[in-house]
Amino acid sequence: MRRAPYAAALLLAAVVHVPASAHTVDPVPPLDFEPPPAGSYVLNRIMQAPDGEVLGVDGRVRRLSAFTRERITLLGFIYTTCVDPEGCPLAYRVFEMLSDTLAETPALRDRVRLVTLSFDPARDPPSAMRRYAGSRLRDDRGVPWYFLTTRSARELLPLVDGFGQDVRYTIDRSNGRARRELSHVLKVFLIDRRGVVREIYSSAFLHPRTVLNDIETLLIED
Amino acid sequence: MMTRARLPGIVALGAMVTLLTGLADPLMARADETCNSPYISKLITGQENYVYVWTLGVEGLGDGSDKLVTVDVNPKSKRYGKVLGSVSVGTRGEAHHMGFTDDRRFIWAGGLAEPTIYVFDIATDPAKPKLVRTITDMAERTGYLGPHTYYAMPGRMLVQALSNTKDKGGVTGMGLYNNKGEFIASYPMPTDGGGDGYGYDLAVNPKKNVLLTSSFTGYANYMRPLGELVKDAEAMKKFGGTMAIWDLKAMKPKRVFAVPGAPLEIRWSLDPKDNWAVTAAALTSKIWLVKPDGKDGWQVKDVATIGDPAKIPLPVDISITRDGKGLWVNTFMDGKTRYFDLSNPEAPVQTYEKVTGKQVNMISQSWDGRRVYVTSSLLANWDKGGDDNEQFLRGFAWDGRELTPTFDVDFTKEKLGRAHHMKLGSKSLRASPPAR
């Protein structure tokens, strides 16, 4: 597939101009290097994406594999009360920018999906995920963006273990009251059409330009 | 194409002097809280509870096997400065370095005499690491031998080897595994464009999409008794003399730099405003700076001398402070721990030194820089003999002016072995399940 310069230009504009969002986060800083051109490098087959039962915002039970096959998938774990600026809000911001860019790029729009999966089933039932998604749920312009959760930790555990997404409790007493927080290393997973994880991004290098490059690399591979 | 790095005559002579005095070498490690992969987010910014010491087994001492030793280093603990326990791997394979996975739940460790990698769980109970996996396919998958550096990548571990199974020389490469221990890919060290194919350490600067590698020597040299090695002129030519800069995303070498004398540990400045790294060349006793050249490329510069190179002090490990303003350097031969002011990385200045042992190797520091830990062993066949063969983990307090001893664990008396690489641990990193 030919690289879509229009998509890159759109993305650059999105990085520079950050519109207001319900998820208040700092703008994504500009990339400090020129990434290698899409298709000039190989994305390794890191591992098979795990499968298990998840809940959509409508409360219906689905298999996660329904959201990790056929299209290229960008999947990130979040919890809706996360406030770490280098954690879930950063992931949301990058997803949002990619969503806007992909929506304007027909060659990419129909071949990619975004998935946001909560790892806090106790506080993130489908209704919470619906609120978290906000207007994105009603955005039918282009790339699908799914907001998923699980019924219980028992159903969540095989998924976080399978992805290697570490998460644990911490107690924040900085404000005088014990407050439960989930401590985790931000990871976002790029999954190919066969359900194989091909890249894992952490906050140190999660940037919409590199993600877009990688998506295009997978499309070229196809 | 450049031929394999040749040792300067002065170095060969110095190595001979070293032999006559009983010992020498080059080698060493990545340790401490300030020298981890940038993909490890759970740094211990307060008081650490434990130092994990990857320890070489010694025949006839204890069970004689390599082992991971846990030492209590919290001054408030009743067992401060005491060994809490050890996990033996049941073999003796020249235990050397180790590294955390990106989630800091596991330590990967290995030996230079074998292609085996051991994975320890340090999250279930940080005071009692458990051996949970042994990875044995590195040689079969890559042809590389002697896994050395374990560098966490997101969900993966990049392993730099020192040698190869074919001729056991220094031409080698890196193996990439996922965190489950499944092999993904291998990357040979560059042998064109001036590359010697050798490997030692690696370090990433994610902001610049850069991977930096250094070079040492192969199994045939590092497993050989030092006395023999330094008499073998041909063998002494087979030390690395290069660093390579890679496109991290593409995992392709972009350029090779000549850095004579076995450049070992690589430390990027942790100051977010900086984009430079330093290394120490063991055989030439030099500090080198790697920095952008202002034209979208990189350059290397010899910026300081460590001790008297003619005496071959052998800088074997370095540890950078969290602000990038200071650098600890351990020199094996003279047993000194030196501090360099790095305020101007173009011209580091030594401001302090202290003999911390009859032989010293690894050095690690806490995140705040107030606690410094030193171990003793370089390689089984290169450590000093007789009374000079001290084997220890020593703790020090650093107030910016003086290193003050705080505890001393005698690894021989404890029947543990040769103390080598260190990593810090904390009770607070105990794993707990997600929401239920």
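Colleague: Which residues have the most contacts inside the largest nonpolar core?
Modeller: This is a predicted model. Its largest nonpolar core has 179 residues. Helix α2 (residues 88-103) of chain A gives the largest share of this core, nine residues. Those with the most contacts inside the core are Ala91(A), Val51(B) and Leu212(B).

Colleague: How far apart are the end C-alpha atoms of α2(A)?
Modeller: The helix has 16 residues, at 1.5 Å a residue.

Colleague: Which residues does Val51(B) contact, leaving aside neighbours within four places in sequence?
Modeller: Val51(B) is one of the residues with the most contacts inside the largest nonpolar core. Its contacts beyond four places in sequence are Val71(B), Val73(B), Tyr373(B), Leu393(B), Met422(B) and Leu424(B).

Colleague: How many residues of strand β9(B) are buried?
Modeller: β9(B) covers residues 156-164 of chain B. The strand is largely enclosed by the rest of the structure, because its buried residues number nine of the nine.

Colleague: Which residue in β9(B) is the bridge partner of Pro147(B)?
Modeller: Strand β8 (residues 144-153) of chain B runs antiparallel to β9(B), and eight bridges join them. The two strands form a hairpin with two residues between them. In the turn, Gly155(B) has a positive phi of about 75°. The β9(B) partner of Pro147(B) is Ala161(B).

Colleague: Which residue in β10(B) stands opposite Leu158(B)?
Modeller: β9(B) also pairs with strand β10 (residues 173-178) of chain B. The sense is antiparallel, over five bridges. Opposite Leu158(B) stands Leu176(B).

Colleague: Is Asp167(B) buried or exposed?
Modeller: Asp167(B) sits in the loop between β9 and β10 of chain B. Its C-alpha atom is separated by 9.1 Å from that of Gly218(B), 51 residues away along the chain. Asp167(B) has 11 C-beta neighbours inside 10 Å, so the residue counts as exposed.

Colleague: Where is Glu94(B), and is it buried or exposed?
Modeller: Glu94(B) is not a glycine, yet has a positive phi of about 65°. Its place is the loop between β3 (83-88) and β4 (95-100) of chain B. With 21 other C-beta atoms within 10 Å, Glu94(B) is buried.

Colleague: In which loop is Lys415(B) found?
Modeller: Lys415(B) also has a positive phi, about 60°, although it is not a glycine. Lys415(B) has 14 other C-beta atoms within 10 Å, so it is partly exposed. Its loop lies between β27 (403-410) and β28 (418-425) of chain B.

Colleague: Which element gives the most to the side of chain A that touches chain B?
Modeller: On chain A, 31 residues are in contact with 29 residues of chain B. Elements giving two or more residues to the chain A side are α5 (153-163), β7 (167-172) and β10 (196-201) of chain A. That side divides into 21 nonpolar, four polar and six charged residues. The most, four residues, comes from α5(A).

Colleague: What share of chain A is buried?
Modeller: Chain A comes to six helices and 10 strands. Of its contacts between residues at least 6 apart in sequence, 73% join residues at least 24 apart. In its 222 residues, the buried share is 45%.

Colleague: How far apart in space are Arg193(A) and Ile72(A), C-alpha to C-alpha?
Modeller: Arg193(A) is in the loop between β9 (188-191) and β10 of chain A. The residue is partly exposed, with 16 other C-beta atoms within 10 Å. Its contacts beyond four places in sequence include Glu70(A), Ile72(A) and Asp222(A). Arg193(A) and Ile72(A) are 121 residues apart in sequence, but in space the value is 5.1 Å.

Note on methods: Residues are numbered from 1 along each chain as its sequence is written. Chains are lettered from A and ligands numbered from 1 in the order in which they are written. This is a predicted model: local features need pLDDT of at least 70, side-chain atom pairs count only at pLDDT 80 or more; totals for chains, interfaces and linings use all residues. A residue is buried if 20 or more other C-beta atoms lie within 10 Å of its own, exposed if 12 or fewer, and partly exposed in between; C-beta atoms are placed from the backbone. Two strands pair if DSSP finds at least two bridges between them. A nonpolar core is a set of buried Ala, Val, Leu, Ile, Met, Phe, Trp, Tyr and Cys residues joined through C-beta atoms within 7 Å. Two residues are in contact if their C-beta atoms, placed from the backbone, lie within 7 Å. The expected span of a helix is 1.5 Å times one less than its number of residues. Ala, Val, Leu, Ile, Met, Phe, Trp, Tyr, Cys and Pro count as nonpolar, Asp, Glu, Lys and Arg as charged, and the others, Gly among them, as polar.
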